[in-house]
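The sequence and structure come before the details.

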Amino acid sequence: MARDTLAAKWICFCALVLVVVPCNSFYLPGVAPADFLMGDELKVKVNKLTSTKTQLPYSYYSLPYCHPERIVDSAENLGEVLRGDRIENSPYVFKMREPQMCKILCRITLDAKTAKEFKEKIDDEYRVNMILDNLPLVFPIQRSDQENSIVYQHGFHVGLRGQYAGSKEQKHFIHNHLAFTVKYHKDAQTDSARIVGFEVKPFSVKHEFEGEWKKENTRLTTCDPHAKRLVTSSETPQEVEDKKDIIFTYDVEFQESDVKWASRWDTYLLMADDQIHWFSIVNSLMIVLFLSGMVAMIMLRTLYRDISKYNQLETQEEAQEETGWKLVHGDVFRPPMNSDLLCVYVGTGVQFFGMILVTMIFAALGFLSPSNRGGLMTAMLLLWVFMGLFAGYSSARLYKMFKGTEWKKITLKTACMFPAIVFAIFFVLNALIWGEKSSGAVPFGTMFALVFLWFGISVPLVFVGSYIGFKKPAIEDPVKTNKIPRQIPEQAWYMNPAFSILIGGILPFGAVFIELFFILTSIWLHQFYYIFGFLFIVFIILLVTCAEITIVLCYFQLCSEDYLWWWRSYLTSGSSALYLFLYAAFYFFTKLEITKPVSGILYFGYMLIVSYAFFVLTGAIGFYACFWFTRLIYSSVKID
């Protein structure tokens, strides 16, 4: 409940500040450096347990780990809550630059229930995540293909499964001894130091002790700090079974590092998969740019020749002999079927475009770096809410151009249709997560805060934007529309709407599919995504590609005297979302190891939301490109 209240208060406070108080300053939580003197206390915090096999996070204390006298939740922002983060205090306490060895944390006795819980987490390859001075804990792994090269894994596994002492039976062993390494950068002027690294090496050790159990004063025979006997010398791992005693211990080593505080995240941001090659990404982008340039050149030359030829016709008879896009000038701006729905989707696409554009600019400037946990998701949600102003404006302007009169009705649809569909899917997925008792389930308080953002801020802003847009004079068509619709001639097979729409989505998808690998890897394999500058370039290429491929296909459609371009322009570039979803399915079966049905439903449910949002975004881009294109070419010809 405390977590719910904090999230709700935080959202309300942000909304109040952004709406009421103009502010020129900013503060990024967790990015201010902290200086520590010799002997200063360092408090380690624990975060959620995560698994790439289940995608269901759990709180650290959902397992019977050692815990402090009082467990305190850290204040979390909206993004952290939605990600399932559960940051709490821990019994691990270090003294700055004072090494410790064989420090006893606690002893627990497993029962059948707790042993089963540990075994399940070990089978699902769950990892324990910790935080020190806002740095996540990493486990260094030596690469097999390159010498002196190390990759870093987030957190450490709860345990491992294997055979022991000649037994053919697979047994579960827990990592109950942690060898921490804290790297620090010392200030040359003072005695203070800053933490620049937090690593761990986990071990499974069946500890033994002499005499009676005296808690932290017990002397372990398997780990003797006085004799400097390393815990790895023990040959017996700690098995997880009913009525087994487990003693948790840890070492702390401090290493001075040349890495400065400002560069301490560089190590974490080099966790990308080896399969991703920079050369292939750049090469693909250059191909897309080349294709886009060729398409633009062909279109400009062809259109210039068409318009010049048509304007030079001297007699009506010559004009009647003309064929192609000029003949449908009396029908090209006829309102389409379901024009209300088109207005809603175009307005929603504008809202998405504004949110993504501003988010990428701030991310590329470093304001939404991975060091600011949850900052990216929080920013996107708040920007979505405030971009409702532009959604209402865009839908109202288009609706008035279609001679619509019930602007309040179209505004309500714009404000509620897309969020309602997404919220319904999200609610069902959240119910499944809640049924699994995962910390990834959004609490009631946060759910209420999301509804407040939607109805309390987004909906009113959509109405304000719609009111402003509807009050403006209607957009006038460059040519008059005939009262009787022109008959559309029979079309060639390749101009079939379904075929041309599916073909049109291939090129926009080709512009982003390699970058999509980065994004899916960061989301589902728990890696950091940080190349926002590169993503911004890909986004610009996506804009150009969506616009140009839609314009080309729209031109061919008009040349074949088919004037029903409104919806087709939206669906042509929007169809790239279908390829995105198919690629997500391919990624699921080739890169992920998800086996549980609930986890599979969660994956495809969230990717359905992402694909739907991508459809709305790319569809709006294609629509506005064709809207601009048709108005330009029909205003350039002489029509009596």
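Which hand does the crossing of H8 and H10 have? The crossing of H8 and H10 is right-handed, where right-handed means that the near helix is turned clockwise from the far one by less than a right angle and left-handed means anticlockwise.

## Basis and overall make-up

This is a predicted model, in which local features need pLDDT of at least 70, side-chain atom pairs count only at pLDDT 80 or more, and totals for chains, interfaces and linings use all residues. Residues are numbered from 1 along each chain as its sequence is written, and side-chain values use heavy atoms, with hydrogens and water left out.

The chain has 16 helices and 13 strands; these are DSSP runs numbered from the N terminus, helices being H or I of at least four residues and strands E of at least two. Of the 640 residues in the chain, 51% are buried. Buried means under 20% relative accessible area, exposed over 50%, and partly exposed in between, with a 1.4 Å probe and protein chains only. Contact means heavy atoms within 4.5 Å. Among contacts between residues at least 6 apart in sequence, 81% join residues at least 24 apart.

Helix H8 (residues 388-401) packs on helix H10 (residues 444-471) at an angle of about 35°, with axes 6 Å apart. The H8 side of the contact consists of Gly388, Leu389, Gly392, Tyr393, Ala396, Arg397, Tyr399 and Lys400, and the H10 side of Leu461, Val462, Val464, Gly465, Ser466, Ile468, Gly469, Phe470 and Lys471. Axes are lines fitted to C-alpha atoms, for helices over the stretch in contact, and angles run from 0 to 180 degrees between N-to-C directions.

H10 also packs with helix H9 (residues 407-435): their axes come within 9 Å and cross at roughly 160°. That makes H9 roughly antiparallel to H10. Angles under 35 degrees count as roughly parallel, over 145 as roughly antiparallel, 65 to 115 as roughly perpendicular and the rest as oblique. The crossing of H9 and H10 is right-handed.

## H11 and its cover

Helix H11 (residues 497-504) has Ser500, Ile501 and Gly504 as its buried residues. They lie on the same side of H11, because they cover an arc of only 100° around the axis, the arc being that of the directions from the helix axis to the C-beta atoms. Their cover includes helices H12 (506-524), H13 (532-559) and H14 (566-574).

At the start of H11, a side-chain oxygen of Asn496 reaches to within 3.0 Å of the backbone nitrogen of Ala498.

## H13 against H14

The axes of H13 and H14 are 9 Å apart and the helices pack at an angle of about 135°. That makes H13 oblique to H14. H13 passes H14 in a right-handed crossing. In this pairing, Cys546, Thr550, Leu553 and Gln557 of H13 meet Arg568, Ser569, Thr572 and Ser573 of H14.

## Two single residues

Gln55 is in the loop between strand E1 (41-50) and helix H2 (78-83). With a relative accessible area of 12%, Gln55 is buried. Its side chain reaches the backbone oxygen of Trp524 at 2.7 Å. Apart from neighbours within four places in sequence, Gln55 is in contact with Ile523, Trp524, His526, Ile594 and Ser599.

Trp628, in helix H16 (residues 597-634), counts as exposed at 53% relative accessibility. The C-alpha atoms of Trp628 and Ile551 are separated by 9.4 Å, the two residues being 77 apart along the chain.

Notes:
A polar contact is a pair of N or O atoms within 3.5 Å; within protein, one must be able to donate a hydrogen and the other to accept it, and residues adjacent in sequence count only if both atoms are side-chain atoms.
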